[in-house]
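Subject: Handing over the structure

Hi,

Here is the structure I promised to pass on to you. Have a look at it first, and then read on for what turned up in it.

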Amino acid sequence: FDSSSLYSLIDGASDMYLEYGIQRLAAVDYHPTAGASRHERTLQIYLYDMGTPLNAFGRFSRAVDAEGDPAALGARRLAIGGGALIGSTQLSFWKGKHLVELTYMDESADADAESMGRIVREELPQVARAIEARLPGTAELPAEVAALPRQGAIAAGAVYYVRSVRGFDSLAPLGSAVAAHYEAGGRFRLVRAVKATPAEAASALMQAKEALAGATGVPGVGDEAFSGRDPARGEVILARAGTVIVAAVDAGIDG
């Protein structure tokens, strides 16, 4: 499948992959070779070519972000490729420009949550590692993500947003950005956006400032900096240095 035919396979879910620049998708179903119910047990594998490592990481990171607080993921995170997440029926990971999703389905009469869970936990990681070993590219974080500081960062807490940081209306003028969760005397997120020119960055910063309540200047930080309150999320600090804009905001953990 490609970007023009993707909807025929995953219909309503295709928009998120299109947003992150999908180029191609290869899909295959595997079944056991023996057993009366072999055709009722399926391992479905989707292999996406997302065009760039940043897009592959970005789509994966949005799926992780949808799970809620990354600090609560625990053993669901696996060291496969650049990062993997396992659930009750699915395992997904990214490496280089590729995103891989494995889903186990069992429609046999004797299927239950325990047997399915065991197969997912024991078998899917083995299949994922076999695929990962054959994929080209590196498991290193894209430069846009690696530019954020690692000290205090919460594992699996970095997200790449193509359009704007979800949940923070005041940051919409920054456009595409990387945001990561941190723990250092409290929970917060750091957001980093890069513009083509200092003038473009300065314009985006001023638009974000206008969206804050009670914005005031913060001296001695970058080329210019402001603090204020996001109407929904609380205190925000914005700063610019050249083409780079950085924001420190509330963690944005719903609930």
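Predicted model: local features only at pLDDT ≥ 70, side-chain atom pairs only at ≥ 80, totals over all residues.

Let's start with some tyrosines: Tyr 17, Tyr 46 and Tyr 48 are joined into a cluster by ring pairs. Tyr 17 also has a charged neighbour, as the charged end of Arg 59 sits over its ring, 4.4 Å from the ring centre.

**Aromatic pairs**

How many aromatic pairs are there in the whole structure? The search comes up with five. One of them joins Tyr 20 and Tyr 160: the ring centres are 6.0 Å apart and the planes meet at 75°, which is over the 60 degrees needed, so this pair is edge-to-face. Where do the two residues sit in the chain? Tyr 20 is in the loop between α2 (14-19) and β1 (24-30), while Tyr 160 belongs to strand β7 (residues 153-161), so the pair ties together parts that are 140 residues apart in sequence. Are these two tyrosines buried or exposed? Tyr 20 has 0% relative accessibility and counts as buried, and Tyr 160 is buried as well, with a relative accessible area of 12%.

Phe 57 and Trp 94 make another pair, with ring centres 5.7 Å apart and planes at 80°, so this one is edge-to-face too. It links distant parts of the chain: Phe 57 is in helix α3 (residues 53-65) and Trp 94 in strand β5 (residues 90-95), 37 residues apart. Phe 57 and Trp 94 are both buried.

The largest pocket holds about 590 Å³ of space. It is lined by 30 residues, and those closest to its centre are Leu 141, Ala 155, Ala 156, Gly 157 and Ala 158. Which element gives the most to this lining? That is β7, with six residues. At least two residues each come from α3, β3 (77-78), β4 (83-86), α6 (143-146), β7 and β8 (177-183). By class, the lining of the largest pocket has 22 nonpolar residues, five polar and three charged.

The second largest pocket has a volume of about 200 Å³. Here 14 residues form the lining, and Ala 63, Glu 67, Leu 85, Gln 90 and Ser 92 are the closest to the centre. Two or more lining residues come from each of α3, β4, β5 and β6 (98-106). The lining of the second largest pocket divides into seven nonpolar, three polar and four charged residues.

**Strands**

Last, have a look at β8, which lines part of the largest pocket. It pairs with strand β9 (residues 187-194) in the antiparallel sense, over six bridges. Glu 183 stands opposite Arg 187 in β9. The two strands, β8 and β9, form a hairpin with three residues between them, and Gly 185 in the turn has a positive phi of about 70°.

β9 has a further partner in strand β13 (residues 244-250): they are antiparallel and share seven bridges. Which residue of β13 is the bridge partner of Ala 193? It is Ile 245.

Happy browsing!

Technical notes
Residues numbered from 1 in each chain as written. Heavy atoms only, no water. Phe/Tyr/Trp six-rings, centres within 6.5 Å; stacked < 30°, edge-to-face > 60°. Helix = DSSP H or I, 4+ residues; strand = E, 2+ residues; numbered from the N terminus. Buried < 20%, exposed > 50% of the residue type's maximum accessible area, 1.4 Å probe, protein only. Lys NZ or Arg CZ within 6 Å of the ring centre and 35° of its normal. 1 Å grid on protein atoms, 1.4 Å probe; cavity = no way out; pocket = protein on both sides within 12 Å on 5 of 7 lines; lining within 4 Å. Points joined across faces, edges and corners; volume = space filled by probe spheres on them. Nonpolar A, V, L, I, M, F, W, Y, C, P; charged D, E, K, R; others polar. Pairing = 2+ DSSP bridges.
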